[in-house]
Amino acid sequence: DVSFNKLHGLPASFSSLSGVERLNLAFNPLQTLPDALTTLAELKELNLDHTGVSAFPDGIGELRQLEGLQADGCPLLAPYNSLYEKDPLLLVKLHDTQLSALDLSDTGLETVPEQLFRMTQLTSLNLLKNNIRELPQQLGDLRQLQQLLLKGNLLRQPYLRIMDAKGELALPVFLRSEGAAGVLDIEGCGFDHLPKEVWELPGRVQGLLQINLTNNRLRDLPNELSVLTNLTQLILDNNLLRKLPDVVLSLTSLAVLMASNNNITHLPETISTMQCLQALIVHSNEIMQLPESITTLTHLRALGLTSNKLWQLPPGLAACGGLRLLDCSHNLLSRLPEG
């Protein structure tokens, strides 16, 4: 017990007292927690009342035997202040990189604590009933998570839509630069505009290879999507498109483009710029005629045109020697091109 003194710190040799179980430092002008404390692995009780401590170092997580922590009268910064009010030992658990489960529910958090991002062994994280609005991209680094609870927060879009449609565990995946192994799946989220996080998050340009936007309410795509130059597959099925968005034609690495069950009335002549295209699937649209330039897509292997309003096919289509699948059933064709 060294309380009620004028200590500003502890000597480094203090760390050799490995058997200490109780330490009272109350009413000393410490201001910061001495590093020597974090080596006292057997410590069970620690009193820091009125020491001026405002934050805790990462090493505090090593005090896994701690049963009691007091820091009354200390000017604790966020998130330590709200966590302390709920359970003082949360200040220790927040820095314990060996923890597999952490409950921070109903603690008044307004942001996701950055200390969490060192806890790469977490399989369960409970953040229910807080005031969190923003999700940091580093949440995606917690790759062992099997349970993430976020309901009862103030999450902004697009996070709320994704959570409602696909569950909380879809959010860390969405935040990763590469999605899930290069695939970003936001199917069925009800978006009428593509959220900027799709292309703005750091690492997206290099990381994303495929995007699934099926079952949304998209009428167009933003031109900013053109930065995703490595994109090889884009799925736009079951949206409200009346034409292929202009930006799609700038994604010249696309090998697979799917846009079935929309209201597309035509394909542009400039589709010839998509020279990597191997599969173009646009079933169940309103397409009446194909552009002649489609015959220049020399790598095209599959062309799906079922249930459109085609009354003829381009004469040059027969010259597409690489084509292995041509499905134009349920159209208005009266004859096929020669060749």
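Of the 339 residues of the protein chain, 48% count as buried, meaning under 20% relative accessible area, with exposed over 50% and partly exposed in between (1.4 Å probe, protein chains only). This is a predicted model: local features need pLDDT of at least 70, side-chain atom pairs count only at pLDDT 80 or more, and totals for chains, interfaces and linings use all residues. Residues are numbered from 1 along each chain as its sequence is written, and side-chain values use heavy atoms, with hydrogens and water left out.

**Overall form**
- The protein chain has 6 helices and 13 strands. Helices (H or I, at least four residues) and strands (E, at least two) are DSSP runs, numbered from the N terminus.
- The C-alpha trace spans about 100 × 35 × 25 Å along its principal axes.
- The radius of gyration is 29 Å, whereas a compact globule of 339 residues would have one near 20 Å. The radius is taken over C-alpha atoms, and the globule rule is 2.2 Å times the number of residues to the power 0.38.
- Among contacts between residues at least 6 apart in sequence, 32% join residues at least 24 apart. Contact means heavy atoms within 4.5 Å.

**Surface**
- The accessible surface of the protein chain comes to about 15,800 Å². Carbon and sulfur atoms account for 50% of that surface. Areas come from the Shrake-Rupley method with a 1.4 Å probe; for residues, only the protein chains shown count as cover.
- Met 288, Trp 311 and Leu 332 make a nonpolar surface patch of about 340 Å². Patches are made of residues with over 30% relative accessible area and no salt bridge; like charges are joined within 9 Å, nonpolar side chains (Val, Leu, Ile, Met, Phe, Trp, Tyr) within 5 Å. A salt bridge is a side-chain nitrogen of Lys or Arg within 4 Å of a carboxyl oxygen of Asp or Glu.
- Met 288 lies in the loop between strand S11 (279-281) and strand S12 (302-304). Met 288 counts as partly exposed because its relative accessibility is 47%.

**The loop between S4 and S5**
- Thr 107 sits in the loop between strand S4 (101-103) and strand S5 (124-126). Its relative accessibility is 5%, so Thr 107 counts as buried.
- Leaving aside residues up to four places away in sequence, Thr 107 touches Ser 82, Leu 83, Lys 86, Leu 90, Lys 129 and Asn 130.
- Glu 114 is also in the loop between S4 and S5. Glu 114 is exposed, because its relative accessible area is 60%.
- Glu 114 and Gln 138 are 24 residues apart along the chain, and their C-alpha atoms are separated by 8.3 Å.

**Cis peptide bonds**
- The bond from Ala 78 to Pro 79 is cis, with omega near 5°. Pro 79 is in the loop between strand S3 (68-70) and helix H1 (80-86).
- The bond from Gln 157 to Pro 158 is cis, with omega near 10°. Pro 158 is in the loop between strand S6 (147-149) and helix H3 (159-166).

- Asn 261 is a residue other than glycine, yet its phi is positive, near 55°. Asn 261 lies in the loop between strand S10 (256-258) and S11. Asn 261 is partly exposed, with a relative accessible area of 38%.
- Ser 307 is not a glycine either, and has a positive phi of about 60°. Ser 307 lies in the loop between S12 and strand S13 (325-327). Its relative accessible area is 29%, so Ser 307 is partly exposed.
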